[in-house]
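Open the viewer and keep the selection panel at hand. Each stop names what to select, then what is there.

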Amino acid sequence: MQRSNTCDKLVTGYVPGGFDMFHIGHLNILKEAAKRCDRLIVGVATDQALVDMKGRAPMITFEERRAIVEALGIVDVAVADHSQDKRQAWKENHFDVLFKGTDWQGTAKGARLEAEMAQVGAEVVYLPYTLSTSSTMLRQALHEVVAVGA
């Protein structure tokens with residue numbers, strides 16, 4: 001899928017994420033990222049990567065999360081993301097820009113990400129974070145419903 005770009009060079013973008021319980025925040029960041037690059041790669045965290053990162057398994061399996069993301073029509077390819085170190089993702093996919101939500105901007109983890117991407121010549125661009133919903137919020141709401149029903 002080609003998007004308009006005023007530069008001579010085609011820009012490849014990368015959006016890493018868990019994409020568990022896909023919601024409007026996920027869609028918003030992917031739509032915004034797609035507007036800013038010619039080729040959009042989405043790194044879907046593997047089940048094990050999410051366990052390592054968050055200490056719990058995702059609600060939706062990796063293969064199902066990857067299939068949902070890839071079916072959106074704005075994503076060129078959805079790949080497995082195995083590591084919190086996005087230099088590894090860059091080695092496997094060679095992107096120009098990594099897109100992340102503004103919830104990372106100005107944080108220690110954002111600064112670390114920016115430094116890692118600078119090492120491989122990629123830029124970090126922050127896109128508006130959707131405050132109204134998150135997978136964590138959805139997970140908590142489900143647990144509350146289950147607890148009340150028990």
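This is a predicted model: local features need pLDDT of at least 70, side-chain atom pairs count only at pLDDT 80 or more; totals for chains, interfaces and linings use all residues.

**Stop 1: the largest core.** Select Val15, Leu30, Leu40, Val42 and Val69. These have the most contacts inside the largest nonpolar core, a set of 18 residues. Now colour by element. α1, β2 (39-45), α3 (62-70) and β4 each give two or more residues to this core. The top contributor is α1, with four residues. Nonpolar side chains tend to be buried together in soluble globular proteins.

**Stop 2: Leu30.** Show what surrounds Leu30. Leaving out residues up to four places away in sequence, Leu30 touches Val15, Phe19, Phe22, Leu40, Val42, Val69, Leu72, Ile74 and Val75.

**Stop 3: the second core.** A separate core has 14 residues, among them Tyr14, Trp90, Trp104 and Val124.

**Stop 4: the aromatic pair.** How many aromatic pairs does a search of the whole structure find? The search finds one. Select Tyr14 and Phe95: the rings are stacked, 4.6 Å centre to centre, with 10° between the planes. Tyr14 sits in strand β1, Phe95 in the loop between α4 (86-93) and β4 (97-101), so the pair ties together parts 81 residues apart in sequence. Both Tyr14 and Phe95 are buried.

**Stop 5: Lys100 and Trp104.** Look down on the ring of Trp104. Lys100 lies over its face, 4.3 Å from the ring centre.

**Stop 6: Asp20.** Go to the loop between β1 (12-17) and α1 (24-35), where Asp20 lies. Asp20 is buried, at 7% relative accessible area. A polar atom of the Asp20 side chain lies 2.7 Å from the backbone nitrogen of Met59.

Conventions
Residues are numbered from 1 along each chain as its sequence is written. Side-chain values use heavy atoms; hydrogens and water are left out. Buried means under 20% relative accessible area, exposed over 50%, partly exposed in between (1.4 Å probe, protein chains only). A polar contact is a pair of N or O atoms within 3.5 Å; within protein, one must be able to donate a hydrogen and the other to accept it, and residues adjacent in sequence count only if both atoms are side-chain atoms. Rings of Phe, Tyr and Trp (its six-membered ring) pair if their centres lie within 6.5 Å; planes under 30 degrees apart count as stacked, over 60 as edge-to-face and the rest as tilted. A charge sits over a ring if NZ of Lys or CZ of Arg is within 6 Å of the ring centre and within 35 degrees of the ring normal. A nonpolar core is a set of buried Ala, Val, Leu, Ile, Met, Phe, Trp, Tyr and Cys residues joined through side-chain atoms within 4.5 Å. Contact means heavy atoms within 4.5 Å.
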